Amino acid sequence: MATPAAGGTGWYKGRVKAVPSGDSLVVTALTTNRPGPPPEKTITLASLIAPRLARRGGVDEPFAWDSREYLRKLCIGKEVTFRVEYTVPSIGREFGSVYLGGDKNVAMLVVSGGWAKVREQGQQKGEASPFLAELLRLEEQAKQEGLGRWSKVPGAAEASIRNLPPSAIGDPSNLDAMGLLAANKGRPMQGIVEQVRDGSTVRVYLLPDFQFVQVFVAGIQAPSMGRRAAAETVVETDFTLDEQNGDVSAAPAALTSAQRLAASSTASAEVSPDPFGPEAKYFTEVRCLNREIRIVLEGADKFSNLIGSVYYPEGDTAKDLAMELVENGLAKYVEWSANMMEDDNKRRLKSAELQAKKARLRMWTNYVPPATNSKAIRDQNFTGKVVEVVSGDCIVVADDSIPYGSPLAERRVNLSSIRCPKMGNPRRDEKPAAYAREAKEFLRTRLIGKQVTVQMEYSRKVTMADGAAAAAAPGDSRVMDFGSVLLMSSIKGDGDEVAVTTPSTAGNQQPGLNLAELVVGRGFGTVTRHRDFEERSNYYDALLAAESRSISGKKGIHSAKDPPVMHIQDLTMASAKKARDFLPFLNRGRIPAVVEFVLSGHRFKLLIPKETCSVAFSFSGVRCPGREEPYSDEAIALMRRKIMQRDVVVEIETVDRTGTFLGSLWESKTNMAVTLLEAGLAKLQTSFGNDRIPDAHLLEQAEQSAKRQKLKIWENYVEGEEVSNGQAAVESKQKELLQVVVTEVLGGGKFYVQTVGDQRVSAIQKQLASLNIQEAPVIGAFNPKKGDIVLAQFSMDNSWNRAMIVNAPRGGVQSPNDKFEVFYIDYGNQEEVPYSQLRPLDPSVAASPGLAQLCSLAFLKVPSLDDEFGSEAALFLSEQTLGSSLPFTAMIEERDVSGGKVKGQGTGTVLIVTLVAEKSDLSINAAMLQLGWRKGRGGNPRTENQ
């Protein structure tokens, strides 16, 4: 049990584990050669009687609490030397002498303080302390001085008796646990532990009211202590001394009412303790039992059991009992109660459990980690520039250490330990998940072209089907590499600042801005909950903290708001005809775009945000080597470095027969076709017509410069000879043809048409036919303004059609007869209608572009209506077109986008066409010229209205 003092005199050394009363101590051995907790003994101070604490339904004797507190504070946790002086078998108690610090007799200290009285003689001869005479002298001295229980102050005895609540004297039913929690949740409470049920359950006096409560330690569960057939005592006093210490038995000491209550649980059958259950209980006892602790109530379970964090003193610091138990392998992490704690405490507990498992401490001795599909990556850090953002949690970085243009230069890096919404797959008709576009765009605008440091951390095998980890066949899975990406430069704006972090594990990595933390902090991703022994980010704790902030701030995917809706029309997956239908909306001068993908050195996929569409785009008149041809990969690598996912400006001129739009592209005011030509990675195609290409002279100069330096594809160039680098791509200049019907004729050779076979025509007609036209609107309830699309009744046939408000009455509508000038966007005619003939139009019907397309006859100059013969020319054109029941073929010679957006009749993009009637060999253009209504103009097909 205890360590014997030198000389074999019956004196032993031990440590005080508990102080049940003012005259008894529980002493444990300093060492043991047996597994489990060391043996212990309860010693009652010989010849002393201290006041008794309240038992079930009773009250304290005067000064009982003060007496116990004096002895507790004097001895708890201290090393003592003791000897059993005598035993009383009838009550199963051992009485002895105890020395503190080797020379301080504890009994004498107690008596001299007036906290116990001396009993002169026991029932049997020899049942007395060897220091009885001195004890009697000290007792007399304390009486004379009025110390402790001998106080001469009036009312002192009554004041020393505690006013105990029912829970402290055996009636726990009156304890309002939920009320106690509501009043004190999260607030530190002082208490004294009276019993340790198991390593993670303590029974405590809450000070100063002495509520006696049982508290389960939050976030953990220690091994069970099982059940005994008889009532469990407060302190275990059964022990066996080894041969050196002798064979002495001890019986339980008398219990207080609170202790009896704590030990009152009975069971019909005995259940053995779990492995390491006694060790966990002893661990908690030597740190908390009869000690002043701090409790923070975190919550309660469905049975109203209190859950809290327990902090015990150790020197000048406070230790977290849960953390200490878990770190020493004596308790496991429990998610349900950990959820009541602060996130930082949860993370530390989980991390501590993982470390204990790795070290196989105590209860984890036989722990076998589950199979994992992740593997650590060591010493593969590198620096480079971000070339592509694949999604919110995946980027492509060009490694600085690998030669430019090499296929190995670009490395795909998945951000460690986070997961963002999936981008979907258009080819499989998978739409992006909520906030997937926002997460990708968030990184794109901050990373593309930026220098980063990548710390590769682990790889993981995933199935090709869904990305979930599985032990699939080699052909059904792939390996993904994960790492932390640190941005050295500062990112600011819109509350994005994230503190520069350092790894949670020891290392000399250079700190930086962790992109994963940035993404999670903005609510665009979640942190992966790894299984035990699964590799994870070096910054895992910081990621969890960022996720906690985003959840509390209700950001991104954690908000209750629906994500912004953006419907992108992907014309790369549509027919060439559909792409041609979009040309009028894109052929409007220079427009902003984003390069989504580099298909080849000269061909790209662009996102046009303004028109919410994605298109295939190619440089006009510039071609790079094709796939598998020399320098093809270098051309692609150059464009990926220069424009991949960059904000650019494009000017679209036309669309080819495959649905690819042709034009010019600038990034930061640099024509990127010039960049390709200067690098010797492209050729000019003169067949395209350089007079139609902006910066054509710069393109020619760039190509000539590359030829002179014999760069890349020109390495074998000899002046005066053409050297082919593969397939000579020559695109025939094929003009676009439309089948149309003419719906309105204006002056100056202009007219409106509808495209035959356009599905939008029948769709809109069906929508209009299904409308329930209401009565005339009440003045003030419907206030159309300039530019609004409304429903208007055409005066000629009383039909209802879509119309744009061109002009509205000044000062608002005053009467039903107020006139509005409207333009019928599906036919091209314009007139004034009264307010009573207007109706509001459902936005879904109004949103579709107008069906009427403005055209002008090519190669001719037509007089306007105000000029001589202008009216005759318009009349002839009306007779030939409006008066015919046959459709026409319109050959588009050019597009004039100078008219800008449609704002009324005669505005918007103009198709300059040659118009030919069906079953006719003569175009309307030629017919008008023959009759003298027009004057032919050579060269430029564009008309000039006079």
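Of the 946 residues of the protein chain, 50% count as buried. The model is predicted. The exercises below start from the whole chain and then turn to single elements.

**Exercise 1. Describe the secondary structure and the contacts of the protein chain.**

Solution. 
- Step 1: The secondary structure consists of 21 helices and 47 strands.
- Step 2: Take the contacts between residues at least 6 apart in sequence; 67% of them join residues at least 24 apart.

**Exercise 2. Find the strands that pair with strand E11, and state whether E11 is buried or exposed.**

Solution. 
- Step 1: Strands of a sheet pair through backbone hydrogen bonds, either parallel or antiparallel.
- Step 2: Strand E10 (residues 188–198) is joined to E11 by 6 bridges, and the two run antiparallel. Val196 has Val202 in E11 as its bridge partner. The hairpin of E10 and E11 has 2 residues between them.
- Step 3: E11 is also joined by 6 bridges to strand E12 (residues 211–217), again antiparallel. Here Val202 has Val215 in E12 as its bridge partner.
- Step 4: The hairpin of E11 and E12 has 4 residues between the strands, and in it Phe210 takes a positive phi near 60 degrees.
- Step 5: In E11 (residues 201–206), 6 of 6 residues are buried. Classify the ring pair of Trp11 and Tyr99, then that of Phe794 and Tyr824.

Solution. 
- Step 1: A search of the whole structure gives 22 aromatic pairs.
- Step 2: The ring centres of Trp11 and Tyr99 are 5.5 Å apart and the planes stand at 70 degrees, so this pair is edge-to-face. The cut-off for edge-to-face is over 60 degrees.
- Step 3: Trp11 is in the loop between strand E1 (3–4) and strand E2 (12–21), while Tyr99 is in strand E7 (residues 93–100), 88 residues apart. Both Trp11 and Tyr99 are buried.
- Step 4: Phe794 and Tyr824 are also edge-to-face, with 5.4 Å centre to centre and 75 degrees between the planes.
- Step 5: Buried means under 20% relative accessible area. Phe794 has 18%, so Phe794 is buried. Tyr824 has 1%, so Tyr824 is buried.

**Exercise 3. Locate Val650 in its core and list some of its contacts.**

Solution. 
- Step 1: The largest nonpolar core has 44 residues, and Val650 is among those with the most contacts inside it, along with Leu606, Phe661 and Leu665.
- Step 2: Leaving aside neighbours within four places in sequence, the contacts of Val650 include Arg590, Leu606, Leu665 and Trp666.
- Step 3: Another core lies apart from this one; it has 40 residues, including Val196 and Val204.
- Step 4: Arg590, one of the contacts of Val650, lies over the face of Trp666, at 3.6 Å from the ring centre.

**Exercise 4. Give the strand order of the barrel and the helices that pack on its strands.**

Solution. 
- Step 1: The barrel is closed by 5 strands in the order E36-E37-E43-E46-E45, with mixed pairing. From one strand to the next the twist averages 55 degrees.
- Step 2: Strand E36 (residues 736–745) and strand E37 (residues 750–755) run antiparallel and are joined by 5 bridges. Val742 has Val753 in E37 as its bridge partner.
- Step 3: Helix H14 (residues 576–586) lies across E36, E43 and E45, at about 40 degrees to E45.
- Step 4: Helix H21 (residues 924–931) touches E43, E45 and E46, and its direction makes about 80 degrees with that of E46.

Terms used
Residues are numbered from 1 along each chain as its sequence is written. This is a predicted model: local features need pLDDT of at least 70, side-chain atom pairs count only at pLDDT 80 or more; totals for chains, interfaces and linings use all residues. Side-chain values use heavy atoms; hydrogens and water are left out. Two strands pair if DSSP finds at least two bridges between them. Axes are lines fitted to C-alpha atoms, for helices over the stretch in contact, and angles run from 0 to 180 degrees between N-to-C directions. Contact means heavy atoms within 4.5 Å. Rings of Phe, Tyr and Trp (its six-membered ring) pair if their centres lie within 6.5 Å; planes under 30 degrees apart count as stacked, over 60 as edge-to-face and the rest as tilted. Buried means under 20% relative accessible area, exposed over 50%, partly exposed in between (1.4 Å probe, protein chains only). A charge sits over a ring if NZ of Lys or CZ of Arg is within 6 Å of the ring centre and within 35 degrees of the ring normal. A nonpolar core is a set of buried Ala, Val, Leu, Ile, Met, Phe, Trp, Tyr and Cys residues joined through side-chain atoms within 4.5 Å.
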